[in-house]
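Hi everyone, thanks for coming. Let me put the model up on the screen, and then we can walk through it together.

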Amino acid sequence: MDHMETKKNVERPLAFVKHIILIMSGKGGVGKSTVAVHLALRLKNAGFKVIRGVRTVRAKIRYLGITEGIGNILVGLLDADLCGPSIPTMLNIEQKKSKFSKNWEPVFVDMEQRLCVMSVGFLLTNRNDAIILRGPKKNATIKQFLNDVDWPDLDYLIIDMPPGTSDEHISVIENLREYNLDGALLITTPQAVATGDVRRELSFCKKTVIPIIGIVENMSGFVCPYCQECTNIFSKGGGEFLANQLEVPFLGRIPICPQISRYQDGHAESLKLFSQTNEADSIEAIVKKLVK
Amino acid sequence: MALTVCSRSFINRSRFSSLVYSYFNKNIVQMLPPCQAASNSTKDADQSRMQRGLPKKLPIGGVDQVIVVASGKGGVGKSTTAVNLALSLKELDKTKLVGILDADVYGPSIPKMMNLKGPVHLNKQQLMMPLVNYDIKCMSMGFLIEDEKDPIVWRGLMVMSAIQRLLRQVSWGPLDYLVVDMPPGTGDVQLTMSQNIPIDGAVIVTTPQDVALLDARKGTEMFRKVEVPVLGVVQNMSAYECPKCGHTEHIFGKDGATNLAKEMNLPIIGDIPLHIKIRETSDSGAPIIVSHPNSSQVTKVNFVI
């Protein structure tokens, strides 16, 4: 491979990132960060298929340009929610700090160093400190996160956006214009007050010419663990209806899953429990559509 | 003085069986500080603010008390709580005049929840007339955009200007309570509100899980930094009861808000269960306080003093 192609272009620091995906919504509390975290965790293992305990290379690895050896997908997760950074808490890495030499260094989640995270949460002295920022400061911080972080040679950079269509969104889009932006993945819950905001977010994406990867309907139904009765606490089908109406791909539904919540609350064992649930299968199905 | 008299009359209204009314009114109204004439200490505070380059806090004409419903975290039920709080304030004393200001510029939910739609008209003084439903005056950015599908893509400065207009260029008229539904986060809207008008109290809404509590703590800290009194914490979506077998599941965790409240030395002023009827009534524009005032779901709210 040409040396110049692999060399990091300082003027275009994200030029080497193969896929950039924005996780957006418009509405708060629909599960953007949760879905971003689980997608990142699943994506980093997308190159591996375990057959009788032996790891083999899947065809997707060849698609990504790695032709021999075991696939090594690198995923970066950028927490662009400056006022409410959740990603470090969800991944139980709050106690870690981002080091600064010439640039900020992202924090690696795993021993194999295939998933790294950057969040304003790593820059806080105390996790409970409020981050009170007006627009210009938010713009400057977003620009730093995109240009002044020493990301490794990522296959995927997933950016978890805050709700709304504000400074963070405008800054991210302005700074990502020249890179490999795959598009936006929109998360919604099924109820009308949520889909209304997501509809606006979709209009925003269309106006700013961001490709729309699709819509995911989160918290879609709750199955009682005792009687298996499914109740649509937050309604059902609103996301799919919106996708059909606006002619964007519908990527799937994720039911309400208490194990996701418990994992986020620092119970690391819950991740193992979660991986055995139907909800984990929903995430798997979305990842398959994402890397197709 | 007037507020103390009101508080006593609320305590005497024991005939109201709905706990939602009682916890909203008994707790929140009692906690609101009595109105005071400008004292020397207030004038000193103003001077100190002006020296720091901050604007002087000017009350909104005709509005007695301002209560903000905030969180820090999105999607915890701020709008639902704000709407039902305003309605229960009105229900408890129909002579009281109540208004709702939807300060969530990017994602205005109040139009849907209150079943209201623009356009907004101007009065003779060129002030915007709030829209009224269920006897509550409402103002939202949602009434001012032509097509509800259109996003509001504004940077912070534009948002500041919009919030100023929603505060100052609306004919709120005489109001006893103005309930403000805040957007998520700790940014421009929160700062503009707290720097420009005197806020009598903030209600923090959260769900039990840790990521929500993390942001709720930040939201509370922010209000303390800008010297807004925090009245207490409302735990929303606390538990879910299966309609078929009655099994109770703490989907989003248990007691998170109670622990947060203890940690921050705040009272828990409400514990609202996760129930399908609350979502259904919000989506249909008939909030549960109005549509199902005596429902068992509403009475299951736990009330902790």
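Before I point at anything, one definition: buried means under 20% relative accessible area, exposed means over 50%, and partly exposed is in between, with a 1.4 Å probe and protein chains only. By that rule Asn92(A) is partly exposed, because its relative accessible area is 29%.

Some housekeeping: this is a predicted model, where local features need pLDDT of at least 70, side-chain atom pairs count only at pLDDT 80 or more, and totals for chains, interfaces and linings use all residues. Residues are numbered from 1 along each chain as its sequence is written, chains are lettered from A and ligands numbered from 1 in the order in which they are written, and side-chain values use heavy atoms, with hydrogens and water left out.

Back to Asn92(A): its phi is near 55 degrees, a positive value in a residue other than glycine. Asn92(A) sits in the loop between helix 4 (87–90) and strand 5 (107–108) of chain A. Helices (H or I, at least four residues) and strands (E, at least two) are DSSP runs, numbered from the N terminus.

Ser235(A) also has a positive phi, near 75 degrees. You'll find Ser235(A) in the loop between strand 11 (230–231) and helix 8 (238–245) of chain A. Is Ser235(A) buried or exposed? Ser235(A) counts as buried, at 19% relative accessibility.

Over in chain B, the peptide bond from Gly118(B) to Pro119(B) is cis, with omega near 10 degrees. Pro119(B) belongs to the loop between helix 5 and strand 3 (131–133) of chain B.

Now for the interface. Here 54 residues of chain B are in contact (heavy atoms within 4.5 Å) with 57 residues of chain A. The two chains bury about 4,700 Å² between them, 60% of it on carbon and sulfur atoms; buried area is the accessible area (1.4 Å probe) that two parts lose on being put together, summed over both.

How many salt bridges are there between chain B and chain A? The count is 5, where a salt bridge is a side-chain nitrogen of Lys or Arg within 4 Å of a carboxyl oxygen of Asp or Glu. Arg134(A) forms a salt bridge with Asp188(B), with the closest N and O atoms 3.2 Å apart. Among the elements giving two or more residues to chain B's side are helix 7 (188–196) and helix 8 (210–225) of chain B. Helix 8 of chain B gives the largest share, 9 residues.
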